[in-house]
Amino acid sequence: MDKFKYFLIKHLVFVMVIVVAIELILTIIFNSLIFPFIGFLLGQPEISSLSLSSIPFFIWGLISGNSAFVFNALETSTVILLILFSLLLVVLPIIVGILIYARIVTRQMEIFEKERIEERKSYEARRNLMLSDFAHDLRTPIMTISGYANAITDGMVKDEAQRNEYLSAIAAKSKRMAELITILFEYVRVGSEGFTLARKRVDLHALLTEVIAGFYPDLEKAGIDVNIDIPEDSFYISADELHLKRVIENLIINIIRHNEPGIKAGFIIKKTSGVEFLAVADTGEKIQKSEEELFEPFVKDDDSRSKNEGSGLGLSVARQVMDMHGYEIHLKQPYGDYTKAFVLKFIEAELEDEVLLDGTC
């Protein structure tokens with residue numbers, strides 16, 4: 001919508017410049033050629049100029065016979081012709097401007113409509129692919145769980161070690177199913193009308209430490225070296241703690257899921273006055289898609305690193321949650337010694353309250 005408004009304003013100014021230019025050209029023509037000729041017909045050669053702004057007064061003089069505009073020597077048809085011609089000089093540039101602007105707007109509307117249709121088709125295609133992936137990702141663990149459960153129930157598994165292996169597989173597949181269903185639920189819920197955040201005063205540093213600590217064993221198991229640079233002091237923000245945790249969790253899960261063992265992951269806080277930036281970075285392969293593409297729903301980074309376990313919704317949900325908070329999330333490639341990083345911007349609670357009270361946010 002903002003793009004269309006900008007287009008309308010820009011081209012309106014352009015058309016107005018054209019109209020003014022035409023008016024000036026007609027004024028020159030009228031003053032240098034036509035009006036002197038009228039003065040000659042009237043026997044008043046001193047009448048040799050006329051501005052377009054005075055044309056209405058000239059027309060009134062033609063109609064009323066007042067002042068120097070007396071046409072007793074001219075036929076009525078000539079007077080009418082002069083009146084119509086004068087009106088045309090005033091109205092013609094405006095008509096031309098309206099027609100040009102209408103044509104420009106019509107053509108641009110057609111272009112926007114085509115773009116909207118193409119975007120809708122692309123969105124539908126990505127959504128259908130995502131649903132297909134979801135169905136596949138759910139069907140596989142369901143079949144595994146069903147097969148292992150039936151084998152245990154039917155007494156086919158006699159060995160205790162094998163039985164424990166089957167139970168571990170069932171637990172892992174159940175966890176994966178829960179993750180998929182949770183992220184789909186979050187995407188639908190956060191994007192639904194009427195959804196609001198349950199904001200409260202949250203210590204960002206404590207929250208980050210808690211989330212990273214919870215994933216530390218998974219990062220180590222994945223062969224990822226972890227660097228944590230988070231200050232020990234407190235930094236309070238106004239946030240929905242549950243949804244903000246899930247944003248960080250999704251970023252960590254992406255590091256584990258889409259990188260090979262041996263890379264380095266970093267969680268780095270950089271501070272300015274009243275603002276903090278959290279970088280969730282790694283030394284894995286560069287992401288091929290642009291930032292805007294990556295945060296679109298149903299989009300996955302289609303490189304060889306991907307294990308095809310993502311839903312394509314995690315980053316979209318993260319962007320939605322950050323936007324609803326009034327915070328920011330961006331992809332930076334590279335980031336210091338790291339190949340890439342998702343950088344999150346947070347505003348201190350006290351400063352945020354001041355901004356809201358001033359009405360500047």
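In which helix does Leu-207 lie? Leu-207 lies in helix H5, and the legends below start from the whole chain and return to this residue. The model is predicted: local features need pLDDT of at least 70, side-chain atom pairs count only at pLDDT 80 or more, and totals for chains, interfaces and linings use all residues. Residues are numbered from 1 along each chain as its sequence is written, and side-chain values use heavy atoms, with hydrogens and water left out.

**Figure 1. Overview of the protein chain.** The protein chain has 9 helices and 7 strands; these are DSSP runs numbered from the N terminus, helices (H or I) having at least four residues and strands (E) at least two. Of its 361 residues, 38% are buried, that is, under 20% relative accessible area with a 1.4 Å probe, counting protein chains only. Among contacts (heavy atoms within 4.5 Å) between residues at least 6 apart in sequence, 70% join residues at least 24 apart.

**Figure 2. The crossing of helices H5 and H6.** The axes of H5 (residues 204-221) and H6 (residues 241-257) come within 10 Å and cross at roughly 35°. Axes are lines fitted to C-alpha atoms, for helices over the stretch in contact, and angles run from 0 to 180 degrees between N-to-C directions. The crossing is right-handed, meaning that the near helix is turned clockwise from the far one by less than a right angle. Residues making the contact include Leu-208, Val-211 and Phe-215 of H5 and Ile-248, Ile-252 and Ile-256 of H6.

**Figure 3. The surroundings of Leu-207.** Leu-207 counts as buried because its relative accessibility is 2%. Leaving out residues up to four places away in sequence, Leu-207 touches Val-202, Glu-241 and Lys-245. Leu-207 and Leu-244 are 37 residues apart in sequence, and their C-alpha atoms are 8.9 Å apart in space.

**Figure 4. The largest nonpolar core.** This core has 40 residues, and those with the most contacts inside it are Ile-237, Phe-342, Leu-344 and Phe-346. A nonpolar core is a set of buried Ala, Val, Leu, Ile, Met, Phe, Trp, Tyr and Cys residues joined through side-chain atoms within 4.5 Å. Elements that each supply at least two residues of the core include H5, H6, strand E3 (236-239) and strand E7 (340-347). H5 gives the most, with 7 residues.

**Figure 5. The contacts of Phe-342.** Apart from neighbours within four places in sequence, Phe-342 is in contact with residues including Leu-251, Leu-278, Val-280, Ile-287, Phe-295 and His-330.

How values were computed:
Buried means under 20% relative accessible area, exposed over 50%, partly exposed in between (1.4 Å probe, protein chains only).
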